[in-house]
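Hello,

As promised, I am handing over the structure that we talked about, and below it I have written out what was found. Please read the notes with the model open beside them.

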Amino acid sequence: CRQENAGVYAPVHRHMKDASECTRPKLISLVMPAYNEQGTLRVAFDRLEDVFAGSPYEWELVLVNDGSSDDTLLEATTYRSRAFRMVVVDLSRHFGKEAALSAGLRSASGDAVIPMDADLQDPPELVLEMISRWAKGAEVVIARRSDRGSDLWTKRFSAALFYRAFNMMSDVAIPENVGDFRLMDRSVVDAINGLPENRRFMKGLFAWAGFRTEEIDYVRPSRASGATKFNTFRLVNLAIEGVTSFSTAPLRLVTYLGVSVAIAAMAYGCYIALRTLIYGVELPGYASIVSLLAFLSGLQLLGLGIVGEYVGRSYMESKSRPPYVIRGIFRSDAG
Ligand code: UDP
Ligand code: MG
C-alpha cells in the first residue's frame, strides 16, 4: 500500500484507506484519444500487450474515438486483450483532441491515469518507469522530450517561442517539451475532472493542478504510421486558445500599447505645432499621414481582435455546453 503523506489540506478520503484497498492490485488507466487511427491501433495494442503482460498491476485502456470517419471504432471494439480491460468511449462526432482527452480522463477509473497517443509516439515502456516513480511517492510524473530531432526545425522553433511567450504571460508555467504523456495520481485526475470549463487546454490544466511532480527524459520516436492530425494553422489556434485561457496579459499589453501610442502622438502633435509657429505652414505631408493612418488603424484592429478573443471565450463559456457528447461506451474484460 502506498504511503499517504499528503498535507493538511488534502481531501479527507486520502487518509481513509481501509485494508482491502491496500491489498488489491492497483489499477492503471491508459487514456488514448484516437482520430482516424485504424492503421495504427492494432500495432499499438499489440505493443501494450507485450509490455504489460506479467506486470503486477491491473490495466485498463480507455480508448476515445473522436468521431473517426474510418474503422477506428471497429478496430477498438473487436480487439480482445489478455493484458488489459478495454473501455471504448465513442464520441458523437469529432470534438478535437482536448475534448477527447477530457472524456477519457472522466471515464478512467484507475488509481493512476496516463494519457497516451495512439500512434506509439509515447513509448509504452516508459509507463513502467513512471509507475515506479509513482509507487515511490510522486503524484505526477511528466515525460520530457530530451531531443526534438523527429520534428522539423520550424516546429521546434515555434514550439520554443510558444513556451517562452506562454510562461511569460501566464501565472502557471507549463514545462517545456512536455506533452500530454504523463502519469497522474487519482487525486490529480479528480482535481482536473472537477474543473467546470468547457474549452479545455489540457496542458495548461495539468500544470494548473500542481501536485508533487517528477520528471523523466525520453526521446520521442516518429509516428508508427499515418500522418499528424495537427497542421500549422491548428497549432497556432491551439496556442491562442492556450494563452487566452490562462492569461489576460494580452489585454494589459493592448492598454500599454494604446497609452504609448497616445503619448507618442501627443509629442508629435506638439512638434508639428512648434514647427508651424517657427517655420510657417508647410503643405507636403501626404506620405506621413497615410502611413500613420494605416499604422494606427492596424493597431486598433489588433486591439479589437485581442479584446474580441476574450469576449468570444466568455461568450462560449457562458453557454455552459459540455465539451463533448458520448454516443456509447463499450467495455470488455481482459482474458
Ligand atoms: N487526436 C484526436 N483528435 C484530433 C486530433 C488528434 O483524438 O482532433 C489524437 C490522435 O489520434 C493521436 C493523438 O491525438 O492519438 C495525437 O495526435 P497526432 O499524433 O496527430 O499529434 P502529434 O503527435 O503530431 O502532435
Ligand atoms: Mg503523434
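Helices (H or I, at least four residues) and strands (E, at least two) are DSSP runs, numbered from the N terminus. Counted in this way, the secondary structure of the protein comes to eleven helices and eight strands.

Two points on how to read the model: residues are numbered from 1 along each chain as its sequence is written, while chains are lettered from A and ligands numbered from 1 in the order in which they are written. The model is predicted, and local features need pLDDT of at least 70, side-chain atom pairs count only at pLDDT 80 or more, and totals for chains, interfaces and linings use all residues.

On the overall form, the C-alpha atoms of the protein fill a box of roughly 95 × 50 × 40 Å along the principal axes. The radius of gyration, taken over C-alpha atoms, is 25 Å, whereas a compact globule of 335 residues would have one near 20 Å (the globule rule is 2.2 Å times the number of residues to the power 0.38).

Next, the packing of two helices. Helix H9 (residues 232–246) and helix H11 (residues 286–318) pack at an angle of about 75°, with their axes 10 Å apart, where axes are lines fitted to C-alpha atoms, for helices over the stretch in contact, and angles run from 0 to 180 degrees between N-to-C directions. H9 and H11 are therefore roughly perpendicular to each other (angles under 35 degrees count as roughly parallel, over 145 as roughly antiparallel, 65 to 115 as roughly perpendicular and the rest as oblique). To this contact H9 brings Ile240, Thr244 and Ser245, and H11 brings Glu309, Tyr310 and Arg313; two residues are in contact if their C-beta atoms, placed from the backbone, lie within 7 Å.

Around ligand 1 there are 15 residues, of which Pro33, Tyr35, Ala118, Thr228 and Lys229 come nearest (a residue is near a molecule if its C-beta atom, placed from the backbone, lies within 6 Å of it). Strand S1 (27–34) and helix H4 (97–107) are the elements that give two or more residues to this shell.

Finally, asparagine 167 is found in helix H6 (residues 153–169). Leaving aside residues up to four places away in sequence, asparagine 167 touches Ala173 and Ile174.

Best wishes
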